[in-house]
Amino acid sequence: MLKKNLLPYAAVALVFAIVGAYVATEKKGGAPWRTVPALTGPVQALYAQALPDASGAAQALSQWKGKALVVNFWAPWCGPCVEEMPELSFLQNDSAGKMQIIGIGIDTQAHIAQFAKKFKLSYPIYVAGMSGTALSRQFGNVAGGLPYTVLIGADGQVKKTYLGRLKFAQLRADLADLGVL
């Protein structure tokens, strides 16, 4: 990354860190996820997207309809996002094709392509740029914090959302409840 680009990315990362810390301290106990009532609007908006993958080829997200889906909103400059990616890859491999993990990157095509070359993931990542933040807000991410993960059942209904670094024991239990692990 060029030095002239470092300051804006550091500023954005700092804003997300502050918002995330604020949200975490305002929570009154409980898990880092919340149950979401049946929402079809955000899921329809997700499936209506055709986003470029890490290589720049447009991919219709509707290809994942009918499958349990873990949608992970992330950014290459987000430390907790990058930390949870190896376990997401392991989870994808462990699911025996019963569910799909997808990553929606909130950054530029160039940065996500560079990230994808460096880190080999077992699930697809897509480039949404800043519009990914708006999409995550449709799923209830009012703070705009990252990482933000959405669990969608095969029925197309949002089952849970998770703000912040995933607690994989909880995610595995939630996936087991859906019968996909």
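Is phenylalanine 139 buried or exposed? In this predicted model, where residues are numbered from 1 along each chain as its sequence is written, local features need pLDDT of at least 70, side-chain atom pairs count only at pLDDT 80 or more, and totals for chains, interfaces and linings use all residues. Side-chain values use heavy atoms, with hydrogens and water left out. Phenylalanine 139 turns out to be buried, at a relative accessible area of 1%; buried here means under 20% relative accessible area, exposed over 50% and partly exposed in between, with a 1.4 Å probe and protein chains only.

Strand 7 runs antiparallel to strand 4 (residues 68-74), joined by five bridges; two strands pair if DSSP finds at least two bridges between them. Valine 71 has valine 150 as its bridge partner in strand 7. Strand 8 (residues 158-163) also pairs with strand 7 in the antiparallel sense, over five bridges.

As for aromatic rings, the structure holds four pairs, counting rings of Phe, Tyr and Trp (its six-membered ring) with centres within 6.5 Å; planes under 30 degrees apart are stacked, over 60 edge-to-face and the rest tilted. Phenylalanine 73 and phenylalanine 139 make a tilted pair, 6.3 Å centre to centre with 50° between the planes. Phe73, Phe139 and Tyr148 form one aromatic cluster.

Terms used: Helix = DSSP H or I, 4+ residues; strand = E, 2+ residues; numbered from the N terminus.
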